[in-house]
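Let's take a walk through this fold together, from its overall make-up down to a few residue pairs. Have the sequence and the model ready as you read.

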Amino acid sequence: MEHPTSKLFSLKIRVTMFGVSKFQPRGGADSRTFEYKFKIRCNSCNTVSEDTIAVSLGEKKVCKCKNRTCCAQGNITLEPGHGREVSENDNMKFVPLMRFRCMGFYPQEFEFGDDWAATLKDREDEMNFQENLWHFENGSVLLKHNGDAASVYNLDSVFECIEKRISMI
Ligand SMILES: [Zn+2]
């Protein structure tokens, strides 16, 4: 039997912003309350989960393959300290957000969700998406505030495998 391997993945996001100077998970990339949601692909049989899983910082997420002839198990943990917010200078660039230590499963199809915050240009304070009437439409996030329109759109993400190692001998 093949030894289980763990791989390190970096989640990078790319967005286009209008009227926004900063965009990040509410509380920052390393927020302990932000849930990273994505699908997982089994390392053994390549089955992709139908549902997304949610992992938070400090949690060891146990993953089980839904393929009944496989039933592989693994886990995913977050490695903080490598991500940052998207700033207005990052338009059209992929920005690292979080790293994932993955055992037996690969992450894919990151789901942004709505637990995000943005700082509008010419303002100091952060606007919480959930509390400030942001509208999620067709992959865009729109805000109308005091007559100013701001938006974050073309939400895109990628999981890059940045390291492979044998973790058990
Ligand atoms: Zn499997």
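Predicted model: local features only at pLDDT ≥ 70, side-chain atom pairs only at ≥ 80, totals over all residues.

Helices (H or I, at least four residues) and strands (E, at least two) are DSSP runs, numbered from the N terminus. Residues are numbered from 1 along each chain as its sequence is written.

Let's start with one sheet. Strands pair if DSSP finds at least two bridges between them, and three strands form an open, antiparallel sheet in the order E4-E3-E9. Strand E4 (53-55) and strand E9 (105-111) sit at the edges with a single partner strand each, so one side of each lacks a neighbour in the sheet. From one strand to the next, the twist averages 50°, an angle between N-to-C directions of axes fitted to C-alpha atoms, on a scale from 0 to 180 degrees. Five bridges link strand E3 (residues 36-42) to E9 in the antiparallel sense, and here you can find Lys 37 opposite Glu 111 in E9.

Now look at strand E10 (residues 116-120), where four of the five residues are buried (20 or more other C-beta atoms within 10 Å of the residue's own, with C-beta atoms placed from the backbone). Across the whole protein, 27% of the 169 residues count as buried. Strand E2 (residues 20-25) pairs with E10, again in the antiparallel sense, over five bridges. In this pairing, Phe 23 stands opposite Ala 118 in E10.

Technical notes. Buried ≥ 20, exposed ≤ 12 C-beta atoms within 10 Å, placed from the backbone.
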